[in-house]
Amino acid sequence: MLTVLVDYDSGNLHSAEKAFQRMASETGSGSVIVSSKPEDVARADRIVLPGDGAFPACKKQLFDYSGLYEAIENAVIKKARPFMGICIGMQMMATRGLEYEITPGFNWIPGDVVRITPSDPSMKVPHMGWNDLILDSPHPVLDGLTTGNHAYFVHSYHFVVRDSAHRLAHCDYGGDITAIVGRDNMIGTQFHPEKSQAAGLRLISNFLQWNP
Amino acid sequence: MLKTRIIPCLDVADGRVVKGVNFVDLIDAGDPVESARAYDAAGADELCFLDIHATHENRGTMYDLATRTAEQCFMPLTIGGGVRTTEDVRDLLLAGADKVSFNSAAVADPDVVARAADRFGSQCIVVAIDAKTVSPGKWEIFTHGGRKSTGIDAVEFAKTVTAKGAGEILLTSMDRDGTRAGFNLPLTRAIADAVSIPVIASGGVGTLQHLVDGVFEGHASAVLAASIFHFGEYTIREAKEYMAKAGIAMRLE
């Protein structure tokens, strides 16, 4: 069993790597590596796509690695390997990102990534810190998590899904913020599970044992 | 609902905690990683390391600390002190920091904030502002540990770095730092109300009520404290329960 964290120069993968390695070791889920190589993605049993920063920059950096996105798409769409997107990695699953400019996403989960506009204008953007999750529908990766568990968010844009069935959890920040999306063999978290202490580690552990 | 954060800050010099953490039985109270683990277990919402003697020669010890902390604490970690260039930001992020804080370098050249935010995203760029009262309702930026006056208005500077792409402001009142007399609330409020990004209040905490005041009176999104936690006067849990009782949304799980 091999889990690949895709590295495309988008921020710090160190803690994500350590969190996935720790939970892989605790659950006997094989090895976890960080790689930018399409051939590693091709042989991976599970794929994790992180991402920090702005949507257009992340998308460009990912596509600057020749063959990397194609390898991800082939593994996730054709071979149905379990996939987890984190933060911008989750947002790129959308149809479009509207940060600075319109950027096409992977279009795996229909919807747009738009700026957070809290109903109360005194609320700060970025949405930064711990917010409690409200689970919308049960999912194997959410096993053991309950409404009220906290996760660590830091983002200024959020994923508005077109089909509410694709939203697995949300939180409230002057309106609904999509926290987790999912469909078939893919899941995405707006928050950082590798920074979310016990609840985050539980989610990672569930993902590593998920057989969709 | 988003929770107000409590952030313990550890002053680090040459890889050692300057004032040891004494609230638990640590084998080595001067080891920042051990202290970080203790705060992780205690339910702190984030951690902050401040390299107070940052020099080019000793940067390596901070990278090593960031790496070892990120391996063991799955919570957000901010590192500041001596950060001058986007390369410094990159090195700290790669070592394991989640956010990096500019201080004097942002005063000397606010565009460094823009360059770092463009490259790494606003979410990981903090600007630490050290301000002193110069006349009632007027605060000025001081650098070099509060020794050097700049003539720059703190509120205007906060707006400038926000426009440059800072994701958060760590605001320290130099008048209050170390006094245990509470945050400088008018200063905190003036800046929190002037910018659209979160402001962390720092400097002067002596009681749990001071933390509450920082949020209610100062409009801070997060509160940072050092000595009241390091010396075991209050636990993180006690602080959170006190704030929750006062009506502030806190993460208590």
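Predicted model: local features only at pLDDT ≥ 70, side-chain atom pairs only at ≥ 80, totals over all residues.
A residue is called buried if 20 or more other C-beta atoms lie within 10 Å of its own, exposed if 12 or fewer do, and partly exposed in between.

The predictor assigns the complex an ipTM of 0.92 and a pTM of 0.94. For chain B the average pLDDT is 92, and 96% of the residues score at least 70.

Where in chain B does G165(B) lie? It sits in the loop between α6 (154-164) and β9 (168-173) of chain B. Its contacts, leaving aside neighbours within four places in sequence, are V113(B), A114(B), A117(B), D118(B), S122(B) and I125(B). G165(B) and A116(B) are 49 residues apart in sequence, while their C-alpha atoms are 8.5 Å apart in space.

I now turn to the interior. In soluble globular proteins, nonpolar side chains tend to be buried together. In this model the largest nonpolar core has 156 residues, and those with the most contacts inside it are I47(A) and I169(B). Not counting residues up to four places away in sequence, I47(A) touches V4(A), V6(A), V41(A), I72(A), A75(A), V76(A), R81(A) and F83(A).

Next, the sheets of chain A. One open sheet has eight strands in the order β2-β1-β3-β4-β14-β13-β12-β9, with mixed pairing. Which strands of chain A stand at the edges? They are β2 (31-35) and β9 (134-135) of chain A; each has a single partner strand, so one side of each is left without a neighbour in the sheet.

Moving through this sheet, strand β12 (residues 167-172) and strand β13 (residues 176-183) of chain A pair in the antiparallel sense over five bridges. Within that pairing, H170(A) has T178(A) in β13(A) as its bridge partner. Strand β13(A) is also joined to β14(A), again antiparallel, by four bridges, and here R183(A) is partnered by M186(A). These two strands, β13(A) and β14(A), form a hairpin with two residues between them, and D184(A) in the turn has a positive phi of about 50°. By contrast in direction, β4(A) and β14(A) run parallel, joined by four bridges; G85(A) has G188(A) as its bridge partner in β14(A).

What of the faces of β14(A)? In a regular strand the side chains alternate between the two faces of the sheet. Both faces of β14(A) are covered, with M186(A) and G188(A) buried on one side and I187(A) and T189(A) buried on the other. Helix α4 (residues 68-78) of chain A lies across β1 (2-6), β3 (46-49), β4 (83-86) and β14 (186-189) of chain A, and runs at about 125° to β3(A).

Chain A also has an open sheet of four strands, in the order β6-β5-β7-β11, with mixed pairing. Its edge strands, β6 (103-104) and β11 (157-161) of chain A, each pair on one side only. Strand β5 (residues 96-97) of chain A runs antiparallel to β6(A), joined by two bridges, and R96(A) has P104(A) as its bridge partner.

Some backbone details deserve attention. Most residues other than glycine have a negative phi, and most peptide bonds are trans. In chain A, the peptide bond from V125(A) to P126(A) is cis, with omega near 10°, and P126(A) is found in the loop between β7 (111-115) and β8 of chain A. Is N107(A) buried or exposed? N107(A) has 12 other C-beta atoms within 10 Å, so it is exposed; its phi is near 60°, and it lies in the loop between β6 and β7 of chain A. Q197(A), in helix α6 of chain A, has a phi near 45°, and counts as buried because it has 24 C-beta neighbours inside 10 Å.

Finally, the contact between the chains takes 30 residues from chain A and 29 residues from chain B. On the chain A side, the elements giving two or more residues are α1 (14-27), β8 (127-132), β10 (150-155) and α6 (197-208). Among these, β8(A) gives the most, with six residues. The chain A side divides into 10 nonpolar, 13 polar and seven charged residues.

Conventions. Residues numbered from 1 in each chain as written. Chains lettered and ligands numbered in written order. Core = buried A, V, L, I, M, F, W, Y, C linked by C-beta atoms within 7 Å. Contact = placed C-beta atoms within 7 Å. Pairing = 2+ DSSP bridges. Axes fitted to C-alpha atoms, helices over the stretch in contact; angles between N-to-C directions. Nonpolar A, V, L, I, M, F, W, Y, C, P; charged D, E, K, R; others polar. pLDDT = per-residue confidence, 0-100.
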